[in-house]
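Please keep the structure in view while reading.

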Amino acid sequence: MTDVYFSSTYSEARHRFIEAAGALDAEIMSYGINCESQDELAIDVAVIGSDEVPAVVISSGVHGVEGFFGSAIQLALLEQLRDSTSALGIRYVLLHGVNPFGFAHLRRFNEDNVDLNRNFHSSVDQFRGSPAEYAGLNRFLNPESPPSRFEPFKLKALWNIWQNGLSALKESVAGGQHDYPRGLFFAGLGPCKSTQVVQENCDSWIGLSPRIMHVDFHSGLGPFATYKLLLTKGSDSIDCSWYADTFGAECVEQFSKPGGTAYKTSGLFGEWMQSHFNARDYRVVVAEFGTYGVIKVLGAIRGENRAHHYGSKNSASYRSTKKELLECFCPIDPSWRHQVVESGLRIIAQSANAI
Ligand SMILES: [Zn+2]
């Protein structure tokens with residue numbers, strides 16, 4: 001059963017990852033985030049294979065709590081590689097828990113309340129501004145009080161969707177903002193610790209690989225247990241047909257397709273990697289796995305953020321917002337878990353075959 005790959009805490013996931021990578025004689029590097037007295041919070045990187053062959057990069061937990069599912073796929077892959085008898089013609093670079101604070105504390109955001117996948121800007125000028133509509137939505141999105149069980153969140157969300165349209169709401173809300181440090185989708189005022197770790201060390205992880213295929217695993221958008229591979233801005237039409245041939249046209253989608261799975265964003269991790277390695281053939285997809293509907297997921301992110309900033313850690317409502325967030329990004333349903341691991345392994349195999 002693929003369910004066995006899912007850990008119940010960050011610490012368990014981390015230790016299983018290191019142990020499984022160690023069994024393969026992988027080169028393992030750990031980068032502490034040092035945001036708490038415990039030194040347990042780290043980005044762990046396992047590299048397997050020579051540094052001159054094509055590389056497949058697999059990253060998990062850029063959005064903290066989504067790491068439970070990304071880590072499960074990485075663990076399943078490590079087991080598969082251990083049992084494989086054929087020689088590796090691929091360099092596997094596994095980035096585990098890119099946002100370890102969010103992973104450990106059941107948050108989508110990091111120790112600075114930052115959405116890491118909006119924090120990878122290439123210049124300091126980009127760390128400012130917010131979508132025009134965000135100010136008007138701020139009170140709805142970020143109430144400055146603990147969560148309340150009796151609040152008609154769904155009605156408020158539907159009212160906003162009726163007024164603005166779902167795509168406009170998704171874009172204005174989730175595209176990233178730099179003006180509300182306690183608000184949802186805050187993109188930060190400069191590169192966060194995790195961003196710096198990636199920027200300072202990615203050259204050594206990739207080595208001399210001439211061709212790279214990077215799969216960044218995410219969850220929480222789209223229909224239950226299905227997935228879309230979202231292409232970044234850097235993909236032209238020739239690239240698009242390569243992705244469609246490699247992964248199946250029905251699985252591939254432009255990141256900002258109107259009415260599509262995702263929404264316009266900047267500061268994406270994968271996009272930064274692609275531009276950093278622009279002298280090489282660096283391809284990247286955001287592998288987005290669906291869970292529940294947009295309103296339920298947004299409600300869970302909002303509730304947890306509220307509890308994080310204004311709630312008491314010992315309260316039942318604090319714990320229930322964490323539980324709800326985890327369910328929205330890594331459902332407990334065994335069939336969801338089975339399907340996402342199977343699909344994740346298939347995407348990785350397709351990447352390794354094509355690169
Ligand atoms: Zn995500």
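Which helix gives the most residues to the lining of the second largest cavity? The answer is helix H10, which spans residues 294–310 and contributes 5 residues to that lining. The model discussed here is a predicted one.

## Cavities

The residues that line the second largest cavity are Leu 141, Asn 142, Pro 143, Arg 182, Leu 184, Arg 302, Asn 305, Arg 306, His 309 and Tyr 310. Sorted by class, this lining comprises 4 nonpolar, 3 polar and 3 charged residues.

## Aromatic pairs

A pair of aromatic rings is described by two quantities, namely the distance of the centres and the angle of the planes. Across the whole structure, 16 aromatic pairs are found. In one of them, the ring centres of Phe 68 and Phe 103 are 4.8 Å apart. The planes of these two rings stand at 70°, and an angle over 60 degrees counts as edge-to-face, so the pair of Phe 68 and Phe 103 is edge-to-face.

This pair connects distant parts of the chain, with its two members 35 residues apart. Phe 68 belongs to helix H2 (residues 67–83), whereas Phe 103 belongs to helix H3 (residues 100–104). Both Phe 68 and Phe 103 are buried. Elsewhere, one aromatic cluster is formed by Phe 69, Phe 217, Tyr 227, Phe 289 and Trp 336.

## Charges over rings

Arg 283 lies over the face of Trp 242, at 4.1 Å from the ring centre. In a further case, the charged end of Lys 296 is placed over the ring of Tyr 292, at 5.0 Å from the centre of that ring.

## Cysteines

A disulfide is a covalent bond between the sulfur atoms of two cysteines. How many disulfides does the structure hold? The number is 0. Cys 202 takes part in no disulfide, and the nearest cysteine sulfur, which belongs to Cys 192, is 16 Å away. Cys 202 has 0% relative accessibility and therefore counts as buried.

Terms used:
Residues numbered from 1 in each chain as written. Predicted model: local features only at pLDDT ≥ 70, side-chain atom pairs only at ≥ 80, totals over all residues. Heavy atoms only, no water. Phe/Tyr/Trp six-rings, centres within 6.5 Å; stacked < 30°, edge-to-face > 60°. Helix = DSSP H or I, 4+ residues; strand = E, 2+ residues; numbered from the N terminus. Buried < 20%, exposed > 50% of the residue type's maximum accessible area, 1.4 Å probe, protein only. Lys NZ or Arg CZ within 6 Å of the ring centre and 35° of its normal. 1 Å grid on protein atoms, 1.4 Å probe; cavity = no way out; pocket = protein on both sides within 12 Å on 5 of 7 lines; lining within 4 Å. Nonpolar A, V, L, I, M, F, W, Y, C, P; charged D, E, K, R; others polar. Disulfide = S-S within 2.5 Å.
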